[in-house]
Amino acid sequence: MPSHEQLSGLLDPATTVLLTVECQQGVVGPDSALPELAEEARSSGALANVARLVAAAHESGVQVVHAIAERRPDGRGANRNARLFRAAERLPVQQLSGTSAVRVAAPIEVSEEDFVVRRLHGLSPIQGTDVDPLLRNLGCRTLVVTGVSANVAIPNAVFDAVNRGYTAVVPTDAIAGVPSDYTPAMIRNTLALVATLTTTAEVVASLRRGRSSPRSQ
């Protein structure tokens, strides 16, 4: 884990963006298409920690971006080139554009200043979406990655961020995957090699220490 000084140096509110990944009702909500993942996100405290981080970001003037995965009702433009995509087509809850399934899930609060970026294809919240151009236009240097799942989208987001020159920071208690013992193994053997690992409490404390006026001022 980085020291307080090291983490504060990375988490300058003027150059930091908080990314929530697929924290949507149809994924982590009570009526999830993936109940095992939703249960893990909630019982582990990961979803509550994402909400804490979003609230701290709002208080500290840190930009928040919510990455949402969805599909058109007719499925046009969606991937079908992997088992994951084909299995998703058969799930009882579909992540259809305009439905409650693709709304950001409670207890996360979305402010007017937040960006909600929706994608219709692929596995990554960054590759092929508006996230990277937004980050560059915002002057982002550090991307804090949170959400689900530790199996696919979270490592994909971290790799994409690093490949694009951003420093990735991962609060390890604000991500979740299945089974429950997979997430710490993935963190230890994969994310530890490419991201700065920390905790929700440390990020919140660092943002409070470095609190500055909002971007809009």
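Which residue forms a salt bridge with aspartate 132? The views below come from a predicted model, and the first one holds the answer.

**View 1. Aspartate 132 pairs with arginine 164.** The closest N and O atoms of this salt bridge are 3.7 Å apart. The pair links distant parts of the chain. Aspartate 132 sits in helix H6, residues 131–137. Arginine 164 sits in the loop between helix H7 (153–163) and strand S5 (167–171). The two residues are 32 residues apart. Salt bridges that share partners also bring in Arg136 and Asp160, so that Asp132, Arg136, Asp160 and Arg164 form one network. Is aspartate 132 buried or exposed? Aspartate 132 has a relative accessible area of 15%, and buried means under 20%, so aspartate 132 is buried. Arginine 164 has a relative accessible area of 22% and is partly exposed.

**View 2. Arginine 119 meets glutamate 22 in a salt bridge.** Side chains of opposite charge can pair when their charged atoms come close. Here the N to O distance is 2.9 Å. Arginine 119 lies in strand S3, residues 115–119. Glutamate 22 lies in the loop between strand S1 (16–21) and helix H2 (25–28). The pair therefore ties together parts that are 97 residues apart in sequence. Both arginine 119 and glutamate 22 are buried.

**View 3. Glutamate 89 forms a salt bridge with arginine 80.** The closest N and O atoms are 2.8 Å apart. How accessible are the two partners? Glutamate 89 has 31% relative accessibility, so it counts as partly exposed. Arginine 80 has 43% relative accessibility, and arginine 80 also counts as partly exposed. How many salt bridges does a search of the whole structure find? The search finds eight, and the pair of glutamate 89 and arginine 80 is one of the salt bridges in the structure.

**View 4. Alanine 78 sits in a loop.** The loop runs between strand S2 (63–69) and helix H5 (83–88). Alanine 78 has a relative accessible area of 18%, so alanine 78 is buried. Which residues does alanine 78 contact, leaving aside its neighbours within four places in sequence? They are Arg71 and Leu120. Now find alanine 33 in the structure. Alanine 33 and alanine 78 are 45 residues apart in sequence. In space, they are 17 Å apart, C-alpha to C-alpha.

Conventions. Residues are numbered from 1 along each chain as its sequence is written. This is a predicted model: local features need pLDDT of at least 70, side-chain atom pairs count only at pLDDT 80 or more; totals for chains, interfaces and linings use all residues. Side-chain values use heavy atoms; hydrogens and water are left out. Helices (H or I, at least four residues) and strands (E, at least two) are DSSP runs, numbered from the N terminus. Buried means under 20% relative accessible area, exposed over 50%, partly exposed in between (1.4 Å probe, protein chains only). Contact means heavy atoms within 4.5 Å. A salt bridge is a side-chain nitrogen of Lys or Arg within 4 Å of a carboxyl oxygen of Asp or Glu.
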